[in-house]
Amino acid sequence: GTRQEAERAYERGPGRVVRAAPGPGIRVPAAPRERRGVIEDSLCVDAACSRNPGPVEYQCVRTGSGEPVFSRGPYEGGTNNAGEFLAIVDALRHCVAESLTLPIYSDSRTALSWVKRKQCKSALLEPGGPETEIVRLLRDAEGWLQGRRTANTLLKWETDKWGEIPADYGRK
């Protein structure tokens, strides 16, 4: 909240949480919720897009530890749904390459349905649109999914029960 509070927290050292009263423009994160029912030995993905369309980036982390697995972007002219779709597909690709059968969580119903149908329904892929890097990535992801079965279970992250997905960018 203030420089003085920050200095006191710094003096206490790492691992100590100090909650200050929120000031203007300061977001105090909510206390973590109990995540009963979450499979901790899994991966989770999330995307962030500042405009629609706009620069989009996405990442994958280990659910239990928050350890980063990969991060991609930003790619210009994307959408949040397109980023979520690419994140799931790249997590599947990572699992295939590493022979992992971990479940994969996403908080995007739309992206999960696109992956299950093996088709991205984004307006970015409409005929006659520009052939941007994000469009090439989406087409490549669709192609990778065609005729492929993976051993990974795709799961919906229940934000209402468990709070933000561990891969969240925290920019809301």
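The following conversation walks through a predicted model of one protein.

Trainee: How many helices and strands are there in the protein?
Mentor: This predicted model has 5 helices and 5 strands.

Trainee: In what order do the elements run from the N terminus on?
Mentor: The order is α-β-β-β-α-β-α-α-β-α.

Trainee: What percentage of the residues count as buried?
Mentor: Of the 172 residues, 37% count as buried.

Trainee: And what share of the contacts with a separation of 6 or more comes from residues 24 or more positions apart?
Mentor: Such residues account for 65% of those contacts.

Trainee: Let us turn to the largest nonpolar core. Which residues touch the most other members?
Mentor: That core has 33 residues, and F85, I88, L92, I104, V115, I134 and L138 are the ones that touch the most other members.

Trainee: What is I134 in contact with, leaving aside its neighbours within four places in sequence?
Mentor: I134 is in contact with V56, Y75, E76, G77, G78, L86 and L124.

Trainee: Which residues does the second, separate core include?
Mentor: The second core has 8 residues, among them V38, V61, W157 and A167.

Trainee: Now the helices. At what angle do α2 and α4 pack?
Mentor: They pack at about 45°, and their axes are 10 Å apart. That angle makes α2 oblique to α4. Their crossing is left-handed.

Trainee: Which residues of α2 and α4 meet?
Mentor: From α2, the residues are A82, F85, L86, V89, L92, R93 and V96; from α4, they are I134, L137, L138, D140, A141, E142, W144 and L145. By class, this contact has 12 nonpolar, no polar and 3 charged residues.

Trainee: What about α2 and α3: at what angle do they pack, and how far apart are their axes?
Mentor: The angle is about 50° and the axes are 8 Å apart. The two helices are therefore oblique to each other. The crossing of α2 and α3 is right-handed.

Trainee: And which residues meet there, between α2 and α3?
Mentor: N81, A82, E84, F85, I88, V89 and L92 of α2 meet T110, A111, L112, W114 and V115 of α3. Sorted by class, the contact of α2 with α3 has 9 nonpolar, 2 polar and 1 charged residues.

Trainee: Two single residues remain on my list. Where is K116 found, and is it buried or exposed?
Mentor: K116 is found in helix α3. Its relative accessible area is 56%, so K116 is exposed, the cut-off being over 50%.

Trainee: How far apart are K116 and L145 in sequence and in space?
Mentor: They are 29 residues apart in sequence, and 9.1 Å apart in space, C-alpha to C-alpha.

Trainee: Then D46: where is it found, and is it buried or exposed?
Mentor: D46 is found in strand β1. Its relative accessible area is 3%, and D46 is therefore buried, since the cut-off is under 20%.

Trainee: What is D46 in contact with, leaving aside its neighbours within four places in sequence?
Mentor: D46 is in contact with E57, Y58, Q59, E84, A87, D107, I165, A167, D168 and Y169. One of these, A167, is included in the second core.

Notes:
Residues numbered from 1 in each chain as written. Predicted model: local features only at pLDDT ≥ 70, side-chain atom pairs only at ≥ 80, totals over all residues. Heavy atoms only, no water. Core = buried A, V, L, I, M, F, W, Y, C linked by side-chain atoms within 4.5 Å. Buried < 20%, exposed > 50% of the residue type's maximum accessible area, 1.4 Å probe, protein only. Contact = heavy atoms within 4.5 Å. Axes fitted to C-alpha atoms, helices over the stretch in contact; angles between N-to-C directions. Helix = DSSP H or I, 4+ residues; strand = E, 2+ residues; numbered from the N terminus. Parallel < 35°, antiparallel > 145°, perpendicular 65-115°, else oblique. Left-handed = near helix turned anticlockwise from the far one by under 90°. Nonpolar A, V, L, I, M, F, W, Y, C, P; charged D, E, K, R; others polar.
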